[in-house]
Amino acid sequence: MRLYDMESKFTTAEFACPCECGFGEKEEHIDENLIELLNIVRLMYGQPMVVTSGARCEAYNREQGGVENSAHLPHDLTGQCRAVDILVTNSEDRFDLIEIALKVGFTRFGLAKNFLHLDVAWDLPDSVMFNY
C-alpha cells in the first residue's frame, strides 16, 4: 500500500519492522509529514531511494543497537515511526541527498557508511547531524 498518497514513492512494506511484529505495516504507523517530505526529496533527487530501515519495535531496535529514544520507534503520543534510513553508497549521492533534504525542511540527519538517516522527531533536539 502506498503511504498517504496514490503518487507516493514509498509503501508500508518498505517501512514495516523486519521482525514481522506488525509495526509499520499500516499507514497510520508512519508519520505523514515524514512521508510528505520524503516524496519531495525523491522527486528532486530524481532517483529511486531504497529504505534500509523504517519502523522498529523496541525489541528489534535493541537487537540493532538503536538508541532508546530512536525516532524509528513508535512515539509515546502518536504511536508513529518518525524516521527512515536511506541506502547511500557514495559521498556524492550522500551530499546530494543531504542538500535536498535540507531544502525541503529536514533538520535531523544521521550519517553512516551505507545509509543516511532522516527524521521528523519534533520532540528531540532540532538541527543535528550525527555519525554512527
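This section describes the strands, salt bridges, cysteines and backbone angles of a predicted model.

Residues are numbered from 1 along each chain as its sequence is written, and side-chain values use heavy atoms, with hydrogens and water left out. Because the model is predicted, local features need pLDDT of at least 70 and side-chain atom pairs count only at pLDDT 80 or more, whereas totals for chains, interfaces and linings use all residues.

Strand pairing was examined in the part of the sheet around β3 and β4. Helices (H or I, at least four residues) and strands (E, at least two) are DSSP runs, numbered from the N terminus. Two strands count as paired if DSSP finds at least two bridges between them. Strand β3 covers residues 108-111, and β4 covers residues 115-119. The two strands pair in the antiparallel sense over 4 bridges. They form a hairpin, with 3 residues between them. In this pairing, Gly 110 stands opposite His 117 of β4. Strand β3 also pairs with β5 (128-131); here the strands run parallel and are joined by 4 bridges. Arg 108 stands opposite Val 128 of β5.

A residue is buried at under 20% relative accessible area, exposed at over 50% and partly exposed in between (1.4 Å probe, protein chains only). In a regular strand the side chains alternate between the two faces of the sheet. In β4, 5 of its 5 residues are buried. Phe 115, His 117 and Asp 119 lie on one side of β4, and Leu 116 and Leu 118 lie on the other. In β3, Arg 108 and Gly 110 point one way. Phe 109 and Leu 111 point the other way, and all four positions are buried.

Charged pairs were then searched for. Side chains of opposite charge can pair when their charged atoms come close. A salt bridge is a side-chain nitrogen of Lys or Arg within 4 Å of a carboxyl oxygen of Asp or Glu. The whole structure contains 3 salt bridges. One joins Arg 56 to Asp 85, at 3.5 Å from N to O.

Another salt bridge connects Arg 82 and Asp 123, at 2.6 Å from N to O. Arg 82 lies in the loop between α3 and β2 and Asp 123 in the loop between β4 and β5, so the pair ties together parts 41 residues apart in sequence. Arg 82 is buried, with a relative accessible area of 3%. Asp 123 is partly exposed, at 38%.

A further salt bridge pairs Asp 119 with Arg 108, the closest N and O atoms being 2.6 Å apart. This pair links β4, which holds Asp 119, to β3, which holds Arg 108, across 11 residues of sequence. Asp 119 and Arg 108 are both buried.

The cysteines were checked for bonding. A disulfide is a pair of cysteine sulfur atoms within 2.5 Å. The count is 0 disulfides. For Cys 17, the closest cysteine sulfur is that of Cys 19, 3.6 Å away, which is too far for a bond. Cys 81 is in no disulfide either; the nearest cysteine sulfur, that of Cys 17, is 9.7 Å away. Cys 17 is buried, with a relative accessible area of 3%. Cys 81 is also buried, at 0%.

Backbone angles complete the description. Most residues other than glycine have a negative phi. Glu 20 has a positive phi, near 65°. This residue lies in the loop between α1 (12-15) and α2 (32-45). Glu 20 is exposed, with a relative accessible area of 68%. Ser 127 also has a positive phi, of about 55°, although it is not a glycine. Its place is in the loop between β4 and β5. Ser 127 is exposed, at 58% relative accessibility.
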